[in-house]
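Have a look at the model first, and then we can walk through it.

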Amino acid sequence: MKNISLVFLLALVGLSSFAQTNQTYQIKEENIIKTLKYLTSDELEGRDSGSKGIELAANYLENQFKEVGIKPYFKTYFDTLSNFKPVAYNVVGLIEGNDSELKNEFVILGAHYDHIGRIAAVDGDDIANGANDNASGTTMVSEVAKYFAETKSNKRSILVVYFSAEEKGLLGAYSLAEKLKKENFNLYLMLNFEMLGVPMNKDYEVFITGFKKSNMAQKMNEYAGSNFVGYLPQEFQYRLFMASDNFPFYTEFNVPSQTICTFDFDNFKYYHHVKDEFEVMDTKHMTELSNKLLPIVTKMVNATSQEIKLNEE
């Protein structure tokens with residue numbers, strides 16, 4: 001009888017272990033809140049490029065890489081901009097692919113972590129904390145990166161990049177794109193995260209810039225099994241494809257390089273404003289959106305062929 005009980009107990013332990021190892025990975029809202037709250041704190045003084053505040057942000061993001069085992073792509077995590085003074089850094093990490101051939105191709109997941117620093121005061125507050133723009137995108141990239149670092153489920157290699165000096169004219173992205181092009185970097189696609197802190201009231205979750213430039217939106221919807229990515233007319237009207245860090249990679253590599261965003265010109269009124277703060281962010285929305293992105297990005301990274309392609313113009 002004791003032996004039977006022991007066998008039964010071992011069977012239960014085995015089933016429990018099996019359930020745990022096959023449990024669906026979930027990004028937690030508490031982790032979204034932790035990163036977002038720090039990046040938007042007054043201590044960072046609006047994360048202006050070249051400032052002490054953005055250096056603190058860079059150190060924080062570097063430590064996240066170290067904690068989850070993401071390696072530096074260069075000798076260090078800090079990639080010094082070639083086109084900006086004073087000194088500013090992109091923060092760059094590498095998650096090597098697990099496929100012997102596909103690991104030689106790269107997907108860049110990026111977001112700019114800089115903002116505009118101190119501006120004209122409103123009600124005594126002169127710090128433009130840049131919560132939606134773009135601590136939100138940075139935070140979501142950090143959670144997607146943690147997922148791949150933990151699960152090691154990416155066949156292609158992933159370059160995780162937090163860009164500096166986006167607000168100065170995409171300088172961090174231009175600097176890195178030029179550097180990678182010179183070393184014959186094998187880029188499959190670049191997916192940029194920008195202003196994702198509040199939801200849209202649309203029949204889709206995000207819009208993508210340069211909608212007609214490639215089939216990225218269509219493939220993302222196919223991977224999602226839903227109408228996840230939509231077309232926002234204002235993105236074409238205001239030429240948003242050229243307004244964020246995707247654009248330098250498109251110009252240098254001529255591969256699909258696009259930005260996902262939820263700022264639709266009606267759902268957020270604090271663009272480049274001191275009231276763009278942590279308190280006006282919808283962290284539940286950010287958490288749900290991040291979790292919906294995990295299977296989509298996984299399929300983008302693991303497609304056996306280069307399914308996402310530029311459209312013929």
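Predicted model: local features only at pLDDT ≥ 70, side-chain atom pairs only at ≥ 80, totals over all residues.

**Helices and strands at a glance**

Residues are numbered from 1 along each chain as its sequence is written, and side-chain values use heavy atoms, with hydrogens and water left out. Helices (H or I, at least four residues) and strands (E, at least two) are DSSP runs, numbered from the N terminus.

**H3 with H4**

- Helix H3 (residues 52-68) and helix H4 (residues 131-151) cross at roughly 15 degrees, and their axes come within 10 Å; axes are lines fitted to C-alpha atoms, for helices over the stretch in contact, and angles run from 0 to 180 degrees between N-to-C directions.
- On H3, the contact (heavy atoms within 4.5 Å) is made by Leu61, Gln64 and Val68, and on H4 by Thr138, Ser142, Lys146 and Ala149.
- The residues of this contact of H3 with H4 divide into three nonpolar, three polar and one charged (Ala, Val, Leu, Ile, Met, Phe, Trp, Tyr, Cys and Pro count as nonpolar, Asp, Glu, Lys and Arg as charged, and the others, Gly among them, as polar).

**H6 with H9**

- Helix H6 (residues 216-224) packs against helix H9 (residues 283-302) at an angle of about 120 degrees, with the axes 9 Å apart.
- That angle makes H6 oblique to H9.
- H6 passes H9 in a right-handed crossing.
- Met216, Met220, Tyr223 and Ala224 of H6 make the contact with Leu293, Ile296, Lys299 and Met300 of H9.
- Seven nonpolar residues, no polar and one charged make up the contact of H6 with H9.

- Seven of the seven residues of strand E4 (residues 106-112) are buried (under 20% relative accessible area, with exposed over 50% and partly exposed in between, using a 1.4 Å probe and protein chains only).
- Phe106, Ile108, Gly110 and His112 point one way from E4, while Val107, Leu109 and Ala111 point the other way.
- E4 pairs with strand E7 (residues 157-163) in the parallel sense over seven bridges (two strands pair if DSSP finds at least two bridges between them), and Ala111 stands opposite Tyr162 in E7.
- E4 also pairs in the parallel sense with strand E8 (residues 187-193), over five bridges, and here Ile108 stands opposite Met190.

How values were computed
Parallel < 35°, antiparallel > 145°, perpendicular 65-115°, else oblique. Left-handed = near helix turned anticlockwise from the far one by under 90°.
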